[in-house]
Amino acid sequence: MAKLMCLCFIILTIAVVVSAGGCDGDRQDMIRECGKYQKFPAEPKLAPSDACCAVWQKANIPCLCAGVTKEKEKIWSMEKVGYVANFCKKPFPHGYKCGSYTFPPLV
């Protein structure tokens with residue numbers, strides 16, 4: 001019985017660790033591959049690289065948006081984030097909230 005409880009504890013610990021870092025890899029990939037296309041100033045908007053778009057296509061966007069704080073919004077131009085998302089063919093739906101930013105209708 002003690003072995004079974006120990007095994008259950010180990011499995012639960014692994015599950016918690018994996019879910020806690022759910023999108024840290026996506027966040028690091030996004031910073032590395034897309035950072036220069038999404039930071040302030042809002043202009044000019046540059047076409048993102050294929051590597052950046054590949055990150056966008058696989059990223060867990062709801063998880064990433066849940067981690068957007070007011071402090072991060074001072075670094076990242078949410079307007080540029082929307083531009084990159086559209087360019088990479090994974091646009092935000094109208095009214096989608098990412099941090100405190102609400103995405104407008106696609107132009």
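Cys98 is buried, with a relative accessible area of 4% (buried means under 20% relative accessible area, exposed over 50% and partly exposed in between, with a 1.4 Å probe and protein chains only). The model is predicted: local features need pLDDT of at least 70 and side-chain atom pairs count only at pLDDT 80 or more, whereas totals for chains, interfaces and linings use all residues. Residues are numbered from 1 along each chain as its sequence is written, and side-chain values use heavy atoms, with hydrogens and water left out.

Cys98 forms a disulfide with Cys65, the sulfur atoms lying 2.1 Å apart (a disulfide is a pair of cysteine sulfur atoms within 2.5 Å). This pair links distant parts of the chain, Cys65 in helix H4 and Cys98 in strand S1, 33 residues apart. Helices (H or I, at least four residues) and strands (E, at least two) are DSSP runs, numbered from the N terminus. Because the torsion about the S-S bond of Cys65 and Cys98 is about -90 degrees, this disulfide is left-handed. Cys65 also counts as buried, at 6% relative accessibility.

The structure holds four disulfides in total. With the bonded cysteines of the protein chain numbered in sequence order, the pairing reads 1-5, 2-3, 4-7, 6-8.

In one of them, the sulfur atoms of Cys34 and Cys52 are 2.1 Å apart. Cys34 belongs to helix H2 and Cys52 to helix H3, so this pair ties together parts that are 18 residues apart in sequence. The link of Cys34 and Cys52 is right-handed, with 115 degrees about the S-S bond, and both cysteines are buried.

Another disulfide joins Cys53 to Cys88, with an S to S distance of 2.1 Å. Since Cys53 lies in helix H3 and Cys88 in the loop between H6 and strand S1 (97-98), the pair ties together parts that are 35 residues apart in sequence. The torsion about the S-S bond of Cys53 and Cys88 is about -70 degrees, and the disulfide is therefore left-handed. Cys53 is buried at a relative accessible area of 14%, and Cys88 counts as buried at 4% relative accessibility.

Helix H3 spans residues 50-58, and its residues Cys52, Cys53, Val55 and Trp56 are buried. These residues cover an arc of only 155 degrees around the axis, which puts them on the same side of H3; the arc is that of the directions from the helix axis to the C-beta atoms. What covers the buried residues of H3 includes helix H2 (24-38), helix H4 (61-66) and helix H6 (78-87), where contact means heavy atoms within 4.5 Å.
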